[in-house]
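Biologist: I'm new to this structure and would like to learn how to read it. Could you take me through a few features, one by one?

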Amino acid sequence: MALKPDSPLSVQELERTPAQNSARHVSRSEFSFEPGDIVSQTMNFGAPTPIEIAVTGPDLQEDRAYAEKLRAELRKIPSLRDLQFEQPLDYPSVEVNVNRELAGQMGVSVEQVGISLVAATSSSRFVTPNYWADPKSGIGYQVQIELPQPQVASLHDVENIPITRSDSSHPLVGDVAQVRNSTMVGEYDRSNGLRMITISANVVGEDLGRVSSRVDAAIERAGNLPRAVTVNVRGQIAPMRETLSNLAIGLALAILVIFLLLSANFQSMRLALVVLSTVPAVISESSSSC
């Protein structure tokens with residue numbers, strides 16, 4: 001979306017309105033506005049937002065514990081908006097715990113319970129592939145069986161799913177298992193084989209240079225890193241720092257080359273140094289005149 005040049009609205013106001021409405025009407029909801037133009041996406045170097053912090057380590061629980069502390073410190077920065085984890089760490093799920101002793105007494109195996117659940121909640125094509133060949137064309141078509149979604153809409157419906165066995169008896173899932181609501185990690189990300197949790201945020205009302213300093217201070221306030229855990233700041237901050245570092249090196253080399261040229265011209269390193277020493281005064285005088 002792009003606004004007209006004479007539009008009375010601003011993009012920041014449009015971004016703020018959905019977030020405020022969601023916080024008022026829908027609890028535990030999060031909004032994130034990612035760049036839609038190719039320039040911003042390229043400048044982010046693969047990150048969805050200008051600020052991205054990756055917490056990497058061998059243990060996901062330790063990574064998350066530190067990432068929670070780091071996110072709490074980052075919330076204190078007023079110029080960061082849409083601060084959230086990129087991975088769904090608490091994805092809603094239905095947990096089915098099979099009582100193996102009771103299932104054994106009823107002649108049901110855990111594999112049969114799993115096959116029945118997959119066939120009912122997803123499709124039979126994942127557990128029992130079936131194909132029908134068209135007698136006219138000879139083309140094979142996959143045939144699958146699945147329950148209508150409205151019939152599996154609650155925990156009670158999951159408990160009433162019949163378990164398919166070789167005999168005529170069909171016990172229910174609720175007879176051999178405990179079904180309850182739970183959460184699970186919805187996405188696992190890895191970096192060089194290590195678990196990774198990323199925190200993303202947008203920048204509003206402040207330049208990226210000051211925000212990068214605030215982010216570094218927040219990382220320091222988060223405390224010592226757990227064993228084998230590393231923190232990597234990505235997004236636009238990393239290329240910005242690399243660019244400024246290269247500019248500083250280039251400026252230092254340019255000053256050195258000019259100094260050597262003046263020394264060769266005046267045949268005196270002292271005179272060349274005197275000429276270069278007047279540059280800060282000239283720059284400050286030009287700035288004050290402007």
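Biologist: Let's start with Ala-228: is this residue buried, partly exposed or exposed?

Modeller: The idea is to compare relative accessible area with set limits: under 20% is buried, over 50% is exposed and anything in between is partly exposed, using a 1.4 Å probe and protein chains only. Ala-228 comes out at 48%, so it counts as partly exposed. Before we go on, this is a predicted model, where local features need pLDDT of at least 70 and side-chain atom pairs count only at pLDDT 80 or more, while totals for chains, interfaces and linings use all residues. Residues are numbered from 1 along each chain as its sequence is written, and side-chain values use heavy atoms, with hydrogens and water left out.

Biologist: Where does Ala-228 sit, and what is its phi?

Modeller: Look in the loop between H8 and E9. H marks a helix (a DSSP run of H or I, at least four residues) and E a strand (at least two), numbered from the N terminus. Phi of Ala-228 is near 70°, which is positive even though the residue is not a glycine. Gln-267 is another non-glycine with a positive phi, about 60°. You'll find Gln-267 in the loop between H9 and helix H10 (269–277), and with a relative accessible area of 68% Gln-267 is exposed.

Biologist: How many helices and strands does the chain have?

Modeller: Eleven helices and nine strands. Of the 290 residues in the chain, 26% are buried. Take contacts (heavy atoms within 4.5 Å): among those with a separation of 6 or more, 69% are between residues 24 or more positions apart.

Biologist: Which residues of H8 are buried?

Modeller: Leu-208, Val-211, Ser-212, Val-215, Ala-218 and Ile-219. Down the axis of H8, they fall within an arc of 120° (taken from the directions from the axis to the C-beta atoms), so they line one face of the helix. Arg-210 and Glu-220, on the other side of H8, are exposed.

Biologist: What do the buried residues of H8 pack against?

Modeller: Their partners include strand E1 (51–57), helix H3 (60–74), strand E8 (194–203) and helix H9 (237–266).

Biologist: And what happens at the two ends of H8?

Modeller: At the start, a side-chain oxygen of Asp-207 comes within 3.2 Å of the backbone nitrogen of Gly-209. That is a polar contact: N or O atoms within 3.5 Å, where within protein one must be able to donate a hydrogen and the other to accept it, and residues adjacent in sequence count only if both atoms are side-chain atoms. Just after H8, Gly-223 has a positive phi of about 95°.

Biologist: What about Ser-116: buried or exposed?

Modeller: Ser-116, in helix H5 (residues 110–121), is buried, at 6%. Its side chain reaches the backbone oxygen of Gln-112 at 2.9 Å. Beyond neighbours within four places in sequence, Ser-116 is in contact with Ile-161, Pro-162, Ile-163 and Thr-164.

Biologist: How many cavities of 30 Å³ or more are there?

Modeller: Rolling a probe the size of a water molecule over the atoms shows where empty space is left. A cavity is a set of points on a 1 Å grid over the protein atoms alone where a 1.4 Å probe fits but cannot get out, and lining residues have an atom within 4 Å of a point. Points are joined across faces, edges and corners, and the volume is the space filled by probe spheres set on them. The count here is one. The largest cavity holds about 40 Å³ of space, and Leu-60, Gln-87, Tyr-188 and Arg-195 are among its lining residues. E8 gives the largest share of that lining, three residues.

Key. On a 1 Å grid over the protein atoms alone, a cavity is a set of points where a 1.4 Å probe fits but cannot get out, and a pocket is an open set with protein on both sides within 12 Å along at least five of seven lines; lining residues have an atom within 4 Å of a point.
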